[in-house]
Amino acid sequence: IIIIIIIIIIIIIIIIIIIISPASENSISIVCLLPVFLALQERFHRFFDLNKDGRATKKEVTNYLMKYDPTVSKSLVEEFIASRDLNKNGMIDFIPEYILAVSQPEINSMKAREWFTLEDANNDNIITKDDIEKIGLRMGMSDEEIRDSMSYYALGDENGDGKITWSEYKILQGL
């Protein structure tokens, strides 16, 4: 049933794109949409939805967040879910909640602080290459993915000390 729902949603999205896109862009939009959708789905299954049922349960979200911080609190897990759970079913559904969260991220100071805290693997109020590497290894990221993450954070290291402070992180997030 979930697969049928996903297929129907994909078809609806394609129809909407066809309707709102100029005729010359229709084929490009449709061709680009499916690989993006599949990549998002693979990422969702890889990091959150390990049983691939289309939903990230509280347990699955806890497991994901524990890769950032093995001592993650129950309240942080609940806040993380609640801030993304549009239909209030206590889970993060792949469609539409996860897709919306990654395609239209609402970056505000509160969410940025949430991620900064999670990415600060040793809770010393700075993010270092070691923090990023620890998290990447816990998540099963490839060496290349870890290097890409490190490169991203290096962009925010304004004073070049190899550490991202909360102030630098906010700038990196556009706040």
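The legends below describe several close-up views of a predicted model. Residues are numbered from 1 along each chain as its sequence is written, and side-chain values use heavy atoms, with hydrogens and water left out. Because the model is predicted, local features need pLDDT of at least 70 and side-chain atom pairs count only at pLDDT 80 or more, whereas totals for chains, interfaces and linings use all residues.

**View 1. The largest pocket lies between domain 1 and domain 2.** The volume of this pocket is about 1,100 Å³. Of its 36 lining residues, Arg43, Tyr64, Tyr68, Val102 and Trp115 are the closest to the centre. Here a pocket is an open set of points on a 1 Å grid over the protein atoms alone, where a 1.4 Å probe fits and protein lies on both sides within 12 Å along at least five of seven lines, and lining residues have an atom within 4 Å of a point; the points are joined across faces, edges and corners, and the volume is the space filled by probe spheres set on them. Domain 1 (31-104) and domain 2 (107-174) both contribute to the lining, which is why the pocket is placed between them, the domain bounds coming from an automatic or database assignment.

**View 2. Helices in the lining of the largest pocket.** At least two lining residues come from each of H2 (26-47), H5 (94-103), H6 (109-119), H7 (129-139) and H8 (143-156), where helices (H or I, at least four residues) and strands (E, at least two) are DSSP runs numbered from the N terminus. By residue class, the lining comprises 22 nonpolar, five polar and nine charged residues, with Ala, Val, Leu, Ile, Met, Phe, Trp, Tyr, Cys and Pro taken as nonpolar, Asp, Glu, Lys and Arg as charged, and the others, Gly among them, as polar.

**View 3. Thr128 in strand S3.** Thr128, in the strand spanning residues 127-128, has a relative accessible area of 16% and is therefore buried (buried is under 20%, exposed over 50% and partly exposed in between, with a 1.4 Å probe and protein chains only). Beyond neighbours within four places in sequence, Thr128 is in contact (heavy atoms within 4.5 Å) with Gly162 and Lys163.

**View 4. Backbone geometry at Pro96, Lys52 and Lys88.** Most residues other than glycine have a negative phi, and most peptide bonds are trans. Ile95 and Pro96 are joined by a cis peptide bond with omega about 0 degrees, and Pro96 lies in helix H5. Lys52, in the loop between H2 and strand S1 (55-56), has a positive phi near 55 degrees and is exposed at 58% relative accessibility. Lys88, in the loop between helix H4 (74-82) and strand S2 (92-93), has a positive phi near 55 degrees and is exposed at 63%.
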